[in-house]
Each structure stands twice: as C-alpha cells, then as structure tokens.
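Hi everyone, thanks for coming. Let's have a look at this one together.

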Amino acid sequence: MLKFKISYRTLQYIIFIIIFTFFSGITVLSRPVLAHEGHAGKQVVFLKKEEALKQMLPAGAKVVQRKEKLDRSKAEKAKKELGVNLNDGIYTYYVARDRNSGTIIGAAMVTEVEYLHGQVNLAIGIDANGNVTKAAILSVNEKYVPDMKASVGTGYLRQFEGVTIKKLVSMADEASGSAKVTETIFSKMRDMAALLSTFMISSP
C-alpha cells in the first residue's frame with residue numbers, strides 16, 4: 001500500500017485553493033442578484049405622504065396613526081359584506097376624529113406594493129360614509145413611470161374620487177385580467193379601502 005506524505009506548506013496551499021474556489025463560486029452565483037438590485041431605478045416621487053394625507057382627511061380633524069390587527073372575524077365580515085378577501089395581520093393606518101365630539105370622520109392608509117422588480121407607494125382615504133375622498137400613487141421606480149402614466153396615471157387618481165367601496169370593488173373586478181399595472185393598482189386600492197372601512201366600523 002502506497003503512502004503519501006504531504007508537507008505542511010502543501011496542505012496550506014490545498015486548503016487555500018479550496019477556500020478560494022468556494023468563495024469564487026459564491027461570488028459568481030450572487031452576481032445576478034446584486035446586479036438586479038436597483039434594476040428598476042430610484043423612486044420618482046409625485047406626492048409626499050404628508051401632503052396626500054392632508055388632502056384625503058377632513059380639514060381641522062385630529063389625526064392619529066394607529067396599528068390594528070385584522071383578525072379572522074373581521075376578515076370574514078369584509079368578505080361577506082364587501083366581497084373582498086383580506087389577509088389577517090397587523091396594519092398601519094390613519095384615523096381622523098372630530099375635535100369636539102371625538103367621532104371618527106375619516107381614515108386613510110399609505111402602503112408600499114411590489115410591482116415587477118420595484119415598488120409602488122399608494123395612498124387612499126375614505127370619509128365617514130365609506131366613500132373614497134382621494135387616492136394617489138405617491139411614488140414608483142423610474143423604470144415604471146411610463147407604465148403608470150399610460151394606464152392609471154400618477155399623483156392623484158381622479159377615477160377613484162367619490163366612489164363607494166362597493167363601486168371600487170366592482171372597478172377592481174373589471175380591471176382583473178387587464179394590464180398588470182392596472183390590475184395591481186385597482187386591486188390594492190380596493191383592499192386598502194375595505195380595510196379602512198372595516199377598521200372604522202369596529203373602532204370605538
């Protein structure tokens with residue numbers, strides 16, 4: 001049986017080659033992911049969140065940011081009354097109360113939605129009757145600005161103003177199967193409005 005004797009220096013060299021090869025492989029594998037970051041470009045801002053909330057909520061109201069859990073019973077209620085499937089979880093939104101009576105007179109939500117390889121920031125507000133006050137695309141990656149402008153628009157989206165939540169649900173249903181940008185924006189606006197309505201009804 002043959003025996004091979006490896007010197008300490010040779011062993012060090014072999015270990016170095018193994019480690020170098022291993023990390024080179026990781027670098028090659030991760031390169032597409034790193035190149036993908038920022039692929040959609042920087043965010044182009046059309047409206048600041050504070051400005052949008054000011055327009056969406058009643059003037060002079062006391063506005064408070066709130067985090068609330070949508071439990072299964074509330075989600076089932078939204079499904080039954082509005083025909084909207086909502087995911088249970090914790091959501092952040094803004095509630096507006098009358099400064100004298102404390103009555104809730106409006107609510108709004110701002111959220112970020114994934115769109116292709118980027119994000120779209122959306123905002124929507126509703127009044128005490130559940131009608132949409134305003135809806136807006138706050139920002140989107142620069143690569144997708146043309147998509148937005150050619151379909152739903154940017155900044156304030158006039159087509160949503162004044163519609164009831166049930167009408168918004170109908171609009172989202174009609175947009176299903178349309179261009180991806182239209183379907184994405186309409187369905188997310190529907191869900192946000194349904195969440196706000198559900199939270200407003202259940203709030204003390």
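Predicted model: local features only at pLDDT ≥ 70, side-chain atom pairs only at ≥ 80, totals over all residues.

Residues are numbered from 1 along each chain as its sequence is written, and side-chain values use heavy atoms, with hydrogens and water left out.

So, how many residues does the largest nonpolar core have? It has 46. By a core I mean buried Ala, Val, Leu, Ile, Met, Phe, Trp, Tyr and Cys residues joined through side-chain atoms within 4.5 Å, and buried is under 20% relative accessible area, using a 1.4 Å probe and protein chains only. Ile-124, Met-148, Phe-160, Ile-185 and Met-189 have the most contacts inside this core. The largest share, 11 residues, comes from α6; helices here are DSSP runs of H or I, at least four residues, and strands are E runs of at least two, numbered from the N terminus.

There's also a second, separate core of seven residues, including Leu-47 and Tyr-156.

Now the polar pair. Asn-141 sits in strand β6 and counts as buried because its relative accessibility is 6%. A polar atom of its side chain is 2.8 Å from the backbone oxygen of Gly-41.

Thr-182 is over in helix α6, and at 15% relative accessible area Thr-182 is buried. Beyond its neighbours within four places in sequence, Thr-182 is in contact (heavy atoms within 4.5 Å) with Ser-151, Val-152 and Ala-175.

Note on methods
Buried < 20%, exposed > 50% of the residue type's maximum accessible area, 1.4 Å probe, protein only. Polar contact = N/O pair within 3.5 Å; in protein donor to acceptor, adjacent residues only side chain to side chain.
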